[in-house]
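Hi,

Here's the structure I promised to pass on.

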Amino acid sequence: MISVRLVLFVCLHFATYTLLNCLSVKDQMYANIIADNPCFLRLNGTNQFGCTSSRFGNVGTLHLVSNSTDLNWLFNEGNADPYTVALTPKMFNGEVLQSIELSAKVNGIMLLMNGTEQEIIENDNLLNNGFSPEDTCPNHYSGVNSCPMKPWNPYGTDILLKSWSFPIFVVYEQNTINNIIDCFKNHNLPLNNQNDRSLCALELKSHMYAAVDSKTCLRRTMMSYQNIRPIKFCDPLGDKNVYWSLKELRPNTPEQSVAIVAARLDATSMFQDFAPGALSTATSIVTLMTTANLISEMFSYEDASNFSRNIMFILFNGEAYDYIGSSRVVYDMMDGNFPNDLIKLNQSHVGLFVELSQIHYDKEVVFYRPIKNNASENVVNFMNIFKESLSDDGFSVTESKSTSIPPSSLNSFLKADPKFPGIILTGFKDQFKNKFYHSILDDAENIQYGYDNSTIPHTIANISTSLSYSLYKFITNSTYTGLKQANSSYVSKLLDCYVKSMNCEVFQSLTSPLHLPDSPPAYYISIDLITNTITSLSRLLFASFGSKIINKVQNEDNCLNYRTKQGFMPIWLRGNYNACYSTTSNVTDAVSPAFIIPDYDLSSPKYSTWTESVWHEVQIRIFLRQSLKLQILIFVLGILIFLLSFIIIKKMYDQSGIHFNNRSMYDLTFFQTLSYKIFKQI
């Protein structure tokens, strides 16, 4: 009897010890990798695009691919599949991804953006040939037929608009990349006889809940609301459009009395929180902001009130996804709700629409005008003054003869009115100059900003000055004779904010002591439940242009509740301002009409139908996967121990009547307490 109790005590003791230390064993087996930037799943009314892992993650043997030889070995000789491939930048392209997709040997991909071999980082082939994951004709799901014979985006690979069967992550952190490469070299080389030893492996986890298309995932979400614990599968893309006007917008606005200067506020890429959009987006925003600032200095509010015309500056959000922001503005105009149901601005009130798109550092500006649109007097006057002013500064200013216009917000307005008086100012002719359109490489280096001889601030300053002079002519019907010009140093400060870091001088002057992220803006629109940081900061920047301080309001709470006159909004500016201001800066919804129109057919291309999948966990873990022989041995031993435990339990059960009939209450309590402690730790 004593011996049986002793055996039970020892077994339970070791079981308790094992359970108490199981977490530390797991931690010794796996090492977590910083994984904040997965490729994720987006959907529209007809398709799904992007990446997802299996529910419990994808596991694969690590294989470093830095050239075609590494890739060929994987396809032809690799026998430790499935593999997780670590790709260097020059190997991350549509052809390689497609071949990996077809091989069925790969369970996941990691893109190593830094810390690889020097000859890989300084890859001239990548820089010369460009890399854009976008389609060659962006926004082709919008129903706008604007793709010429020569595609707008010649560097496009279309990988952003494909559904991949494996997860893809991008890794930037230097030490992490070094650890991955070291693990591969130490355990997976040489490549022969891999199954005879332990191998470095990775587990990639980024399971997406949505599937099929927006219509399907939204229907599943609605059906789940009938459950006690509803599940959301996807969210519509959306944010806010941001606008500012020289003076307040009023009801009964005269026809053709408003000039709109527009740019897009968003960009995109394959990876979460990586959409730098320097040339795709940021240079146009900075040009627009510099122009708005200069206009506010050229006109005081009292001066502007003497004229019947007005200027509105607007940043459209979600334009990368079939013109979400601009199509919503057009919809609201037609519905009598733009910018609100009191002012009711519509397209007939717009006398001039100027869109800024991909402003380049080269001294070249190209006009695009709809070929079916007979230029109005406002458009002709604007183009003449703008061209004359920039030509004096050594710019080449030409008008494109293309029969179509590039992907732009203007398309949304032309769908409603083909004679809409709009033009586009770009830094490219016939095809994009941007080699990294909607790529994670579209950063400060792509616009050559940060070099000692950088020309982009001077280029933007000159364009903004000429643009302001042309708008002055629209307002006053006279030529500007003053001396005010855009300052290139101010442009540099804005570029710091919109390209390098949001924790910059200009934004700090509006928000201090609030802490801003010390990172470039992520221009991805995200979902309609979230307002992006750069959207809010852009509104604050607009509010600093020509706004009047409200002296009677002394704190932020009272400022938010202060009633201004129609056309104005109260806003509290922190930092250097630290006061309540009355401003024309405001926001409107940038959510597609498809999600507010009852019973809208989501397969229709009339409005954007993009959604983003919901996901639960994003994780990368690295570990050593045992050799095949050892795995078989462990499996066999496990079965033997399992069978042995049955025999022992059967023996103990058969003799239980002998050993336990006369056990004391103390013994019972002891074992119950011990069992309770064990299961509590579990």
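Predicted model: local features only at pLDDT ≥ 70, side-chain atom pairs only at ≥ 80, totals over all residues.

C39 sits in the loop between β1 (31-33) and β2 (42-43), while C51 sits in the loop between β3 (48-49) and β4 (58-65), so the bond ties together parts twelve residues apart in sequence. C39 counts as buried at 1% relative accessibility, and C51 is buried too, at 0%.

Next up is C183, which is bonded to C200 with an S to S distance of 2.0 Å. Here the torsion is about 115 degrees, so this disulfide is right-handed. It links distant parts of the chain, 17 residues apart: C183 is in helix α7 (residues 174-187) and C200 in strand β8 (residues 199-205). Both C183 and C200 are buried.

Then there's the disulfide from C559 to C580, at 2.1 Å between sulfurs. It's right-handed, with 75 degrees about the S-S bond. C559 belongs to helix α18 (residues 556-560) and C580 to strand β19 (residues 579-583), so the pair ties together parts 21 residues apart in sequence. C559 is buried, with a relative accessible area of 0%, and C580 is buried at 0% as well.

How many disulfides are there in total? The count comes to five. Counting bonded cysteines along the chain, they pair as 1-2, 3-4, 5-6, 7-8, 9-10.

Cheers

Terms used: Residues numbered from 1 in each chain as written. Heavy atoms only, no water. Disulfide = S-S within 2.5 Å. Helix = DSSP H or I, 4+ residues; strand = E, 2+ residues; numbered from the N terminus. Buried < 20%, exposed > 50% of the residue type's maximum accessible area, 1.4 Å probe, protein only.
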